[in-house]
Amino acid sequence: MSLKASTNLEKVLAAGQFALTAEIGPPRGPDAEVVAKKAALLKGLADAYNITDNQTAVVRMSSIAAAKLVLDAGLEPVMQMTCRDRNRIAMQSDLLGASALGLRNVLAISGDHQRAGAGGKLKGHPGAKGVYDVDSMQLLAILKGMRDEGLQASGDELTSRPAFFIGAAWTPLGPPKEFRVTRLAKKIAAGADFIQTQAVYDVKAFAQQLAQAHDQGLTEKAAILPGIIVPRSAGMLTYMHNNVPGVVVPAELTARLKGASDPKAEGIKVTVELIQAVRELPGVKGVHLQAIEAEELLREIIPAAGLTPRPQV
Amino acid sequence: MITAEWKPIPELVGYLRGHQKVLLLGCATCVAECAAGGEREVETLAPLLRMALAKEGSPVEIITGTLERQCEPEFIEPFVPAAEGVDAIMSLACGIGMQLLAERFPQIAFYPGVNTTSLSLREAPGLWTTRCAACGDCVLGETFGLCPVSRCAKSLLNGPCGGTRTSGSCEISEDTPCIWNLIVERAKARGQLDRLSAVRRPKDWSNSPAGGPKRMLREDLRP
């Protein structure tokens, strides 16, 4: 099988190894050392690291710059790009720049609406003008067109073709549920090579959606990496269940953390169990781990799940 | 209809402070339908402004009127005598009517009394919701008659983002339905979900406000 961008992530998946991606959120300041510190903390634990793009519509160091810092620290980034802040001209220009800097994994997402503002914890910029010139599906198609045909969205030719390993997000349990598998199929048809999902806690419900995707042959066309957000308390699970669209937390899981004498330790245990449970599902090719504002927990979780050392490919 | 909303009273008072005599003009069409700038609103707002200005020691004489349609020159003409005696005009019409009025009386200070907000439907008494973004490239034929350009917070063209809430609402507000949820529902009811399975190409925004000010010329209708 010929590789599209020969990134470490792509090679791990091509080798049939269970892939692992983690997340590094850029700081709300110009501090390269903060990024380097997080990178050093997580080095060797994952095959690639997602660099978020102004998540929850809060201004942070750009994903391109942070991804380059992570690359320089010897880790492989997955540069996220949302449709909220750039039109198709800026997107393609930034993608060419990213490619020139050696960034090869790109994840295309709609992005939280500018009204999100960190869920009310920060002011954010609710008065900003959202762009949404193209949607995430169209951005995937643009990425694929640049890579495979050497063309801009307009049809103008690029002087050379950027190599991208193209990622997309999937919210399998969001309404309308009957359309979510179709939406996954569309993303794969548009250009997605790998898929990272919204956090999975209800493995049974996820398995049902995944089975449909598997039956349609989608799990052979793109590598699906279920997302898991490390839970640290019952309150955090309740918050996500009630406030984060597409995240469904079974009541017994919340009760389990509530009853735990050390919720943090229990959360680590839960994460390890979730990794093992989704790993059993046909069509799952890896996991995407997020320990939001608590990246150090991944140093415990990943070895405990038997996922170290990472494959050398 | 075109909808509008009153600007905050302190902003209006700020505009009128220092003027002697002001003509407050409403419009009996869209802005009357959405209860922002019709005769009733003009007659409600005028005393509020008089009181607020008098209270801060800068009383202003405010005379009122309401045109049938502020966006048609012939309806403005009867107000020419009234306008000649004032040193400011405030309009409660939409931005179109406002500008025609300001154009007719360029020598008189002009102020907006409302913010023009949307192309909406009166969905229920006292509730208006957006139906159109005047994007210049209508997609309703692909989306079962429901507009994702104006009714999806992200103007998505390929289905719902991950922000659809369990209730079927949009991530921006529990009060805003996810239009893609409704589009999928309607497609399903029609037995045509497959019509939503193709990837829809990026939209051509050049015929929308993003393409620059619109100038629609119909040679066949020119004098």
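In the predicted model, Leu23(B) has Ile89(B) of strand E4(B) as its bridge partner. This contact belongs to the pairing of strand E2(B) with E4(B), which comprises residues 88-91 of chain B. The two strands run in the parallel sense and are joined over 4 bridges.

Strand E2(B) also pairs with strand E3(B), formed by residues 61-67 of chain B. The sense is again parallel, and the pairing extends over 7 bridges. Within E3(B), Gly65(B) lies opposite Leu25(B). Strand E2(B) itself spans residues 21-27 and is mostly covered, with 6 of its 7 residues buried.

Chain A was examined as a whole. Its secondary structure consists of 12 helices and 8 strands. The radius of gyration of chain A is 19 Å, which agrees with the value near 20 Å for a compact globule, because that is the radius such a globule would have with 313 residues. Along the principal axes, a box of roughly 60 × 45 × 40 Å holds the C-alpha atoms of chain A.

Of the 313 residues in chain A, 54% are buried. Contacts were also considered by separation along the sequence. Among those in chain A that link residues at least 6 apart, 78% connect residues at least 24 apart.

How values were computed
Residues are numbered from 1 along each chain as its sequence is written. Chains are lettered from A and ligands numbered from 1 in the order in which they are written. This is a predicted model: local features need pLDDT of at least 70, side-chain atom pairs count only at pLDDT 80 or more; totals for chains, interfaces and linings use all residues. A residue is buried if 20 or more other C-beta atoms lie within 10 Å of its own, exposed if 12 or fewer, and partly exposed in between; C-beta atoms are placed from the backbone. Two strands pair if DSSP finds at least two bridges between them. The radius of gyration is taken over C-alpha atoms; the globule rule is 2.2 Å times the number of residues to the power 0.38. Two residues are in contact if their C-beta atoms, placed from the backbone, lie within 7 Å.
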